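Please read the following briefing alongside the sequence and the coordinates. It sets out confidence, fold, contacts between chains and a few local features.

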Amino acid sequence: MRWILVGIIAICNTLGDVLNTAGMKRQGEVEDLRPQTLAWMVRRAVVNPYVIAGIAAMAVSFFALLSLLSIANVSFAVPATAASYLLETLLAKYILGEDVRTRRWAAATLVAIGVVLLQF
Amino acid sequence: MNANGNRKTQLLVLIVVVSNVIGNVSLSHGMHQVGRIVSASPLDYIKAFANPWTAVGICILTIWMLSDLALLSRADLSFVLPVTASGYVFVALFGKFLLHDHISWERWIGILLITGGVILAEETPSRTTKGPPEHLL
């Protein structure tokens with residue numbers, strides 16, 4: 001059960017981040033944090049199919065995390081979290097077309113290793 | 001991106017990191033008080049939300065979700081991911097200096113590696129794409 005939850009968390013988190021990024025890039029940049037700007041962002045996001053799918057994926061991941069936290073220590077989700085840093089960077093490059101070069105690969109790799117080491 | 005635009009992106013990064021850390025700490029504390037749930041029944045989750053720590057955690061994580069979406073409208077996912085990992089460092093240092101947790105040498109190395117990753121990513125431009133993605137998504 002634990003490992004199934006870890007798998008669901010990793011996959012849904014990755015899907016959620018990639019879909020949200022694709023959707024939010026289509027909406028245009030949020031220029032400030034005034035309430036009316038955020039309300040405008042939310043109004044557009046709730047009819048944006050990418051963001052709807054992204055948030056649905058994150059909601060599934062969130063409920064799986066709640067279940068996992070109630071039966072296991074947070075550290076149980078760590079391998080999935082670490083792997084998703086590298087997987088999401090890969091998808092950002094090849095699906096979202098971001099310019100991922102040595103520095104960003106190094107950054108994602110350092111974070112992934114660091115996240116694992118934090119559990120000791 | 002100009003200096004002003006960069007400052008806005010940095011401010012959003014800060015809000016995303018702080019709301020994520022506080023929201024998750026609060027949620028985790030609440031769920032430990034609630035006890036075990038592995039259930040598909042919405043009722044069990046609604047009961048969990050009645051716990052004040054869980055409720056506050058969810059409110060703060062809503063702020064995190066909105067600020068994260070705003071940040072992703074301005075910056076690359078491959079920039080946001082390593083940069084917001086600074087939250088891990090804050091949680092560890094919070095534990096060390098406020099709760100007097102012991103930090104093993106492995107954890108110190110982890111903190112250093114994540115800090116290095118955050119600095120490396122911060123040195124790249126926050127956005128490398130123009131307009132909506134032209135690839136598959």
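Residues are numbered from 1 along each chain as its sequence is written, chains are lettered from A and ligands numbered from 1 in the order in which they are written, and side-chain values use heavy atoms, with hydrogens and water left out.

**Confidence**

- The model scores an ipTM of 0.89 and a pTM of 0.86.
- Among the elements of chain B, the lowest mean pLDDT, 76, belongs to helix H2 (residues 42-49), and the highest, 96, to helix H4 (residues 77-84).
- Where pLDDT is low, the predicted coordinates should not be read in detail.

**Fold and burial**

- Chain A has five helices and zero strands, where helices (H or I, at least four residues) and strands (E, at least two) are DSSP runs numbered from the N terminus; along the sequence, chain A reads α-α-α-α-α.
- The C-alpha trace of chain A spans about 45 × 35 × 25 Å along its principal axes.
- Chain B has six helices and zero strands, and its pattern along the sequence is α-α-α-α-α-α.
- Of the 120 residues of chain A, 48% count as buried, a class defined as under 20% relative accessible area, with exposed meaning over 50% and partly exposed in between (1.4 Å probe, protein chains only).
- For chain B, 46% of the 137 residues count as buried.

**Salt bridges between the chains**

- Over all chains the count comes to seven salt bridges, each being a side-chain nitrogen of Lys or Arg within 4 Å of a carboxyl oxygen of Asp or Glu.
- One of them joins the side chains of Glu29(A) and Arg127(B) at 2.8 Å, N to O; this pair crosses between chains, from the loop between helix H1 (2-27) and helix H2 (35-45) of chain A to the segment after helix H6 (105-122) of chain B.
- Glu29(A) counts as partly exposed because its relative accessibility is 27%, whereas Arg127(B) counts as buried because its value is 18%.
- Another salt bridge links Lys8(B) with Glu31(A), the closest N and O atoms being 3.5 Å apart, and this pair also crosses between chains, from helix H1 of chain B to the loop between H1 and H2 of chain A.
- Lys8(B) is partly exposed at a relative accessible area of 29%, and Glu31(A) is partly exposed at 40%.
- A salt bridge is also formed by Arg104(A) and Asp76(B), with the closest N and O atoms 2.7 Å apart; Arg104(A) lies in helix H5 (residues 102-117) of chain A and Asp76(B) in the loop between helix H3 (52-74) and H4 of chain B, so the pair joins two chains.
- Both Arg104(A) and Asp76(B) are buried.
- Salt bridges that share partners join Glu31(A), Lys8(B) and Arg74(B) into one network.

- Leu33(A), Leu11(B), Leu14(B), Val18(B) and Ile22(B) make a nonpolar surface patch of about 410 Å².
- Leu11(B) is found in helix H1 (residues 3-34) of chain B and is partly exposed, with a relative accessible area of 44%.
- Ser26(B) is also found in helix H1 of chain B but is buried, with a relative accessible area of 4%; a polar atom of its side chain lies 3.4 Å from the backbone nitrogen of Gly57(B).
- Val21(B), found in helix H1 of chain B, counts as buried at 19% relative accessibility.
- Val21(B) and Ser126(B) are 105 residues apart in sequence and 22 Å apart in space, C-alpha to C-alpha.

**Aromatic pair**

- The structure holds one aromatic pair over all chains, where rings of Phe, Tyr and Trp (its six-membered ring) pair if their centres lie within 6.5 Å, and planes under 30 degrees apart count as stacked, over 60 as edge-to-face and the rest as tilted.
- Phe62(A) and Phe63(A) form this edge-to-face pair, 5.6 Å centre to centre with 75° between the planes.
- Phe63(A) is partly exposed, with a relative accessible area of 33%.

How values were computed:
This is a predicted model: local features need pLDDT of at least 70, side-chain atom pairs count only at pLDDT 80 or more; totals for chains, interfaces and linings use all residues. pLDDT is the predictor's confidence in each residue, from 0 to 100. Patches are made of residues with over 30% relative accessible area and no salt bridge: like charges are joined within 9 Å, nonpolar side chains (Val, Leu, Ile, Met, Phe, Trp, Tyr) within 5 Å. Accessible areas come from the Shrake-Rupley method with a 1.4 Å probe; for residues, only the protein chains shown count as cover. A polar contact is a pair of N or O atoms within 3.5 Å; within protein, one must be able to donate a hydrogen and the other to accept it, and residues adjacent in sequence count only if both atoms are side-chain atoms.
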